[in-house]
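Me: I am new to this structure. Please show me how to read it.

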Amino acid sequence: MSATPLAPLASLDAIRALVRTLPGPDTAARAAAEAREPTLTKPAGSLGRLEEIAAWLATWQGRHPPRLERVRCVIFAGNHGIAAKGVSAFPPEVTVQMVQNFRNDGAAVNQLCKAGGAELDVIELELDRPTQPFDTDAAMTEAEVLDALNAGLTLDLTDVDALIVGEMGIGNTTAAAALALALFGGTAEDWVGRGTGIDDAGFARKRAAVDAAKAFHGAALADPLEALRRVGGRELAAMAGGVLAARLARVPVLLDGFICSASAAVWQAMTPDGLDHAMAAHASVEPGHRRLLETLGKRPLLDLGMRLGEGSGALVALGPLRSALACHTGMATFAEAGVSASEAS
Ligand SMILES: Cc1cc2ncn([C@H]3O[C@H](COP(=O)(O)O)[C@@H](O)[C@H]3O)c2cc1C
Ligand SMILES: O=C(O)c1cccnc1
């Protein structure tokens, strides 16, 4: 386990090197969780995916029993040059206005943190300096994307049992679509959805922006970190950084919706096991999200028709996580309870 917080990394190559040496699963902790499960007073497998969650928490915390005492939710906010091109139903100033709402305890994420038992932090990433419009330029310079990655990489995860990263950034479903296309191919139609609820004309502009980005950046998008720099955004890079920091600190991650998942997907595009410590909390209404989760091989825990971002879907999924943990750690075994075990051998 690495010391936390990490020192900022000096280059994208340093991040590439880090991704080549990611810590793997703790197989002893997983074995301990899997050994306990059939001893508990229930028919084998009867708690369904709750059993899988308990083993996953143990595996990626490197601890049995796992725990969920301290859950951290960090919202990163960034502004996007592409938002000036009419790709969102809302104006770009909503980003900073919503940050104020987070600070005033007025947003969905504030209520869901309280309901789910998570600490909330909001990190603003140069809101007065939007990224460049990525259909005609690279969104960020190398120094800018590195700074944003480091905002997540240097999160203090000491004693944190699970991490949720969320975002606020008007226009960022367009950036997420462009990033998903860069990482996994396909067409703009595959990845572009209506985000905050854009009308038909705006939806066409969104697809055109993603098509234009594909044509403008071309083969340069083949490298995942370069794709993040060219078509991503500050909050996307920071979320990716946070997900990587969590892997190094042995902290399991709950992925939120489309923007969060596309950002984290950079690591799986770089190395096949890059997101094994992350579980898909929910399936967003944004159609690109389902496609992305299928591509990543991740089955969402919940499907509640949500399409908000802010970490909201991941926070709701703390319910099933806490339920899984309560059963795994609190249930009596057949021997303890004097309940007869199954007669099937
Ligand atoms: C009031 C409000 C609160 C939000 N909270 C999250 N988002 C979500 O919507 C934005 C992405 O959608 P698009 O790409 O269509 O702009 C992001 O800020 C995302 O976090 C919000 C959007 C609005 C308007
Ligand atoms: O899936 C998401 O996270 C999402 C979808 C629409 C708008 N904002 C976020």
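Me: How do the residues of the shell around ligand 2 divide into nonpolar, polar and charged?

Reply: This is a predicted model, where local features need pLDDT of at least 70, side-chain atom pairs count only at pLDDT 80 or more, and totals for chains, interfaces and linings use all residues. Residues are numbered from 1 along each chain as its sequence is written, and chains are lettered from A and ligands numbered from 1 in the order in which they are written. Ala, Val, Leu, Ile, Met, Phe, Trp, Tyr, Cys and Pro count as nonpolar, Asp, Glu, Lys and Arg as charged, and the others, Gly among them, as polar. The shell around ligand 2 has three nonpolar, seven polar and three charged residues.

Me: Which residues come nearest to ligand 2?

Reply: A residue is near if its C-beta atom, placed from the backbone, lies within 6 Å of the molecule. Of 13 residues around ligand 2, the nearest are Gly257, Phe258, Ser284, Arg307 and Gly309.

Me: At what angle do helix α7 and helix α10 pack?

Reply: Helices are DSSP runs (H or I, at least four residues), numbered from the N terminus. Helix α7 (residues 172–184) and helix α10 (residues 224–231) pack at about 155°, their axes 9 Å apart. So α7 is roughly antiparallel to α10 (angles over 145 degrees).

Me: Is Ala44 buried or exposed?

Reply: Buried needs 20 or more other C-beta atoms within 10 Å of the residue's own, exposed 12 or fewer, and partly exposed lies in between. Ala44 counts as exposed because it has 12 C-beta neighbours inside 10 Å. Ala44 sits in the loop between α2 (27–36) and α3 (49–61).

Me: How far apart are the C-alpha atoms of Ala44 and Ser342?

Reply: They are separated by 8.8 Å, though Ala44 and Ser342 are 298 residues apart along the chain.

Notes:
Axes are lines fitted to C-alpha atoms, for helices over the stretch in contact, and angles run from 0 to 180 degrees between N-to-C directions. Helices (H or I, at least four residues) and strands (E, at least two) are DSSP runs, numbered from the N terminus. Angles under 35 degrees count as roughly parallel, over 145 as roughly antiparallel, 65 to 115 as roughly perpendicular and the rest as oblique.
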